[in-house]
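Trainee: Could you take me through one part of this model slowly, namely the salt bridges? I would like to see which residues take part and how they sit in the fold.

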Amino acid sequence: MRYKLIILGTFLISMMGWSQLRESGYQPIFNVGYSQGTHSMVQLGMEYDVITTEEKWLFIGGGVMATPYYKEWHWLPYVDVTKGNGLGFYGLKVTTKHIQPQVGVSLLNFMDIGIGYAFPFNEDKVPVIKGFNVGLKVRISGNDKVYPRLKIGF
């Protein structure tokens with residue numbers, strides 16, 4: 001458990017340091033989320049918008065998920081990639097226990113509501129995260145390029 005926290009801490013600190021480079025132009029996007037499936041899970045993480053156009057975004061990030069399993073909390077570091085256009089998204093999340101593709105609706109990249117299916121790496125070790133789940137993720141950023149503008153033409 002300790003080595004997972006050290007790896008996660010190193011990853012998050014490096015991402016924050018990388019974001020501070022003035023010439024990079026990258027700013028961190030903090031996210032908080034909840035998903036319900038075989039287990040309820042909460043997540044806290046950080047992402048970067050690595051490709052920005054007026055119509056498409058690619059978010060890459062990581063963080064930690066927490067899930068109660070038989071009255072004991074399990075902390076799972078994760079990495080995720082999300083491709084969206086401000087109205088819809090698809091992505092992939094990988095933890096130390098499972099891999100989960102997901103699709104859903106994005107509300108101007110501020111909130112993602114999606115459905116996914118978790119495939120466990122090993123069904124002998126707890127927690128076993130397997131099956132369909134529904135999730136909600138909220139992004140908080142000072143970078144205005146992350147949130148698309150509604151184009152209303154007359």
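Mentor: A residue is called buried when its relative accessible area is under 20%, exposed when that value is over 50%, and partly exposed in between. Please keep in mind that this is a predicted model. With a relative accessible area of 0%, Arg139 is therefore buried, and Glu47, also at 0%, counts as buried too. These two residues form a salt bridge in which the closest N and O atoms are 2.7 Å apart. Because Glu47 belongs to strand 2 (residues 40–52) and Arg139 to strand 8 (residues 131–140), their contact ties together parts of the chain that are 92 residues apart in sequence.

Arg139 also meets the side chain of Asp112 in a salt bridge, with 2.9 Å from N to O. Here again distant parts of the chain are linked, since Asp112 is in strand 7 (residues 111–120) and Arg139 in strand 8, 27 residues apart. Asp112 and Arg139 are both buried.

Now turn to another pair, Glu123 and Lys130, whose salt bridge has its closest N and O atoms 3.3 Å apart. Glu123 has a relative accessible area of 47% and is partly exposed, and Lys130, at 37%, is partly exposed as well. As for a network, salt bridges with shared partners join Glu47, Asp80, Asp112, Lys137 and Arg139 into one. Across the whole structure, the search finds five salt bridges, among them the pair of Glu47 and Arg139 with which we began.

Conventions: Residues are numbered from 1 along each chain as its sequence is written. This is a predicted model: local features need pLDDT of at least 70, side-chain atom pairs count only at pLDDT 80 or more; totals for chains, interfaces and linings use all residues. Side-chain values use heavy atoms; hydrogens and water are left out. A salt bridge is a side-chain nitrogen of Lys or Arg within 4 Å of a carboxyl oxygen of Asp or Glu. Helices (H or I, at least four residues) and strands (E, at least two) are DSSP runs, numbered from the N terminus. Buried means under 20% relative accessible area, exposed over 50%, partly exposed in between (1.4 Å probe, protein chains only).
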